[in-house]
Amino acid sequence: MLYLYLKALHIIFIVCWFAGLFYIVRLFVYYSETKDMPKLQSNILRDQYTIMTNRLWNIITWPAAVLATAFGIWMIIEMPAWLSQPWMHVKLLFVVLLIAYHLKCHQFVKQINNRTMTKTSSFFRIWNEGATLILFSVVFLVILKSTFNWIFGVVGLVGLSVLLMLGIRLYKRIRDSRK
């Protein structure tokens with residue numbers, strides 16, 4: 001029964017963590033777009049986005065990441081047999097990628113705080129899809145518990161990546177045509 005409670009808490013904090021990651025990158029997009037605005041408007045919005053970024057990052061995203069990781073480790077302690085499963089090895093690889101993604105986002109938060117952000121909004125629109133690809137990969141691995149169809153998984157991820165990039169380009173064209 002303990003394992004099921006740990007699993008429920010792990011899932012809850014994973015949802016919170018991803019919500020924070022998806023929204024923080026949207027804030028990066030909005031912050032980047034202030035570069036092209038008049039100085040007064042840019043300063044006001046940058047101050048507001050900095051406050052929003054710090055609250056989201058420090059109050060929701062970091063705590064959710066720590067708690068999701070802690071409950072995940074606790075689940076493995078309770079069920080060490082999972083570590084003998086090939087799909088779990090692949091999942092843990094994606095967890096490492098997620099942590100690296102999170103830490104890179106942390107660097108971007110620091111850049112916002114120091115007013116040294118140089119990346120464009122287009123960069124962040126693409127960057128945001130990294131978390132999407134990790135989420136899709138992990139959910140399918142955990143639900144299917146199979147690495148047998150890894151080739152199909154890779155092809156599916158590549159296909160999803162292509163669709164996401166096409167969507168981003170289409171959105172950019174629509175946005176640019178309205179200017």
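Select Arg-115 and Asp-47 to begin, and you will find their side chains joined in a salt bridge at 2.1 Å, N to O, the term being used for a side-chain nitrogen of Lys or Arg within 4 Å of a carboxyl oxygen of Asp or Glu. This pair links distant parts of the chain, since Arg-115 sits in the loop between α3 and α4 while Asp-47 belongs to helix α2, 68 residues apart. The model is a predicted one, in which local features need pLDDT of at least 70 and side-chain atom pairs count only at pLDDT 80 or more, whereas totals for chains, interfaces and linings use all residues. Residues are numbered from 1 along each chain as its sequence is written, and side-chain values use heavy atoms, with hydrogens and water left out.

Stay with this pair and show its surface. Arg-115 is partly exposed at a relative accessible area of 37%, and Asp-47 is partly exposed at 41%, where buried means under 20%, exposed over 50% and partly exposed in between, with a 1.4 Å probe and protein chains only.

Next, select Glu-33 and Arg-125, whose side chains meet in a salt bridge at 2.9 Å, N to O. Here Glu-33 in helix α1 is linked to Arg-125 in helix α4, 92 residues apart (helices are DSSP runs of H or I with at least four residues, numbered from the N terminus). Glu-33 is partly exposed, with 25% relative accessibility, but Arg-125 is buried at 8%. The structure holds two salt bridges.

Moving along helix α1, select Arg-26, which is partly exposed at 25%.

Now select His-10, Ile-14, Lys-91, Val-138 and Val-142, which lie nearest the centre of the largest pocket among its 29 lining residues. A pocket is here an open set of points on a 1 Å grid over the protein atoms alone, where a 1.4 Å probe fits, with protein on both sides within 12 Å along at least five of seven lines, and lining residues have an atom within 4 Å of a point. The space in this pocket comes to about 720 Å³, a volume being the space filled by probe spheres set on the points, which are joined across faces, edges and corners. Colour the helices α1 (2–33), α2 (39–78), α3 (86–114) and α4 (121–144), and you will see that each supplies at least two residues of the lining, with α1 giving the most, eight residues.
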